[in-house]
Amino acid sequence: MIDAVGHVEAAVSADMAWTLLGGLDNLPLWLPKIRKSILEDGGRLRRLALADGVTIIERLLSFDEQKRFYTYAYVSGPDPVEDYVGKVAVETSGPDSCIITWGSFFLPVGLSDLEATERYQGAYTSALRYVKTLLETNARKVPSQDFS
C-alpha cells in the first residue's frame, strides 16, 4: 500500500482555506485540470470532467466540517490505482495561517511503489502550491473569500 501526501502552509486562516477546499464540488476552483464537477447520489458521488475529456468518479466516505477534512474513494477513471482513498484536510497553524494536506493511500497498478509515490506526492504538492498562491492572492485583494 502506498501512502502519498502533500502539505503546504498558507498565510490565511483555516476557515478561509476550508471555504475553498471544503466543498466536495469545489475541485474545479482549485485544480485547473478539472473543468467540471457534478454531484450525484445526494452529494455523495462526484463526477469530474477533465480538460482532456476524461471522466473520474469519486465517492465521499467521510466529511467533518468542524475538523475540516473529508475522505473519498476513487471509483473509476484512468488512474493506475486500486483501493484508493484520498483525504483533504485543513488545520490551523496560527491566527492567520494553516496547513493544508492532500494525500491518499492505494495499491499501484503497473507502477513500482517508488514511481507511484513520486507521481502522486508530486501531483498533490504541485496542486497545493497552486492553492497556496490562490488563497494568499485572494486574501490580499478580496476579503470576501469568493473563489468563483
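Here is a short chat about a predicted model, covering a pocket, some strands and a helix, and one serine.

Visitor: Why is Ser37 called buried?
Guide: Buried means under 20% relative accessible area. Ser37 has a relative accessible area of 12%, so Ser37 counts as buried. You'll find Ser37 in strand E2, residues 34-40.

Visitor: What makes the pair Ser37 and Asp25 a polar contact?
Guide: The cut-off for such a pair of N or O atoms is within 3.5 Å. The side chains of Ser37 and Asp25 come in at 2.5 Å, so the distance meets the cut-off.

Visitor: Which residues does Ser37 touch, leaving aside those up to four places away in sequence?
Guide: Leu24, Asp25, Pro28, Arg46, Arg47 and Leu48. Asp25 is also the polar partner of Ser37.

Visitor: How do you know that strand E7 is largely enclosed by the rest of the structure?
Guide: Count the buried residues: E7 runs over residues 97-108, and nine of its 12 residues are buried, so the strand is largely enclosed.

Visitor: What makes E1 and E7 a pair?
Guide: Pairing takes at least two bridges. Strand E1 (residues 2-10) and E7 share nine bridges, so they pair, and they do it in the antiparallel sense. If you want a spot to look at, Val5 stands opposite Gly103 in E7.

Visitor: Why is helix H1 described as largely enclosed?
Guide: Six of the eight residues of H1 (residues 14-21) are buried, so the rest of the structure largely encloses the helix. Those buried residues are Ala14, Met16, Ala17, Trp18, Leu20 and Leu21.

Visitor: How much space lies in the largest pocket, and what lines it?
Guide: About 370 Å³. The lining has 19 residues, and the closest to the pocket's centre are Lys33, Asp79, Trp102, Tyr120 and Ala123. Strands E3 (45-50), E4 (55-64) and E5 (69-76) and helix H3 (113-141) each give two or more residues to the lining. H3 gives the most, with four.

Visitor: What kinds of residues make up that lining?
Guide: It divides into 15 nonpolar, no polar and four charged residues.

Definitions and conventions. Residues are numbered from 1 along each chain as its sequence is written. This is a predicted model: local features need pLDDT of at least 70, side-chain atom pairs count only at pLDDT 80 or more; totals for chains, interfaces and linings use all residues. Side-chain values use heavy atoms; hydrogens and water are left out. On a 1 Å grid over the protein atoms alone, a cavity is a set of points where a 1.4 Å probe fits but cannot get out, and a pocket is an open set with protein on both sides within 12 Å along at least five of seven lines; lining residues have an atom within 4 Å of a point. Grid points are joined across faces, edges and corners, and a volume is the space filled by probe spheres set on the points. Ala, Val, Leu, Ile, Met, Phe, Trp, Tyr, Cys and Pro count as nonpolar, Asp, Glu, Lys and Arg as charged, and the others, Gly among them, as polar. Buried means under 20% relative accessible area, exposed over 50%, partly exposed in between (1.4 Å probe, protein chains only). A polar contact is a pair of N or O atoms within 3.5 Å; within protein, one must be able to donate a hydrogen and the other to accept it, and residues adjacent in sequence count only if both atoms are side-chain atoms. Contact means heavy atoms within 4.5 Å.
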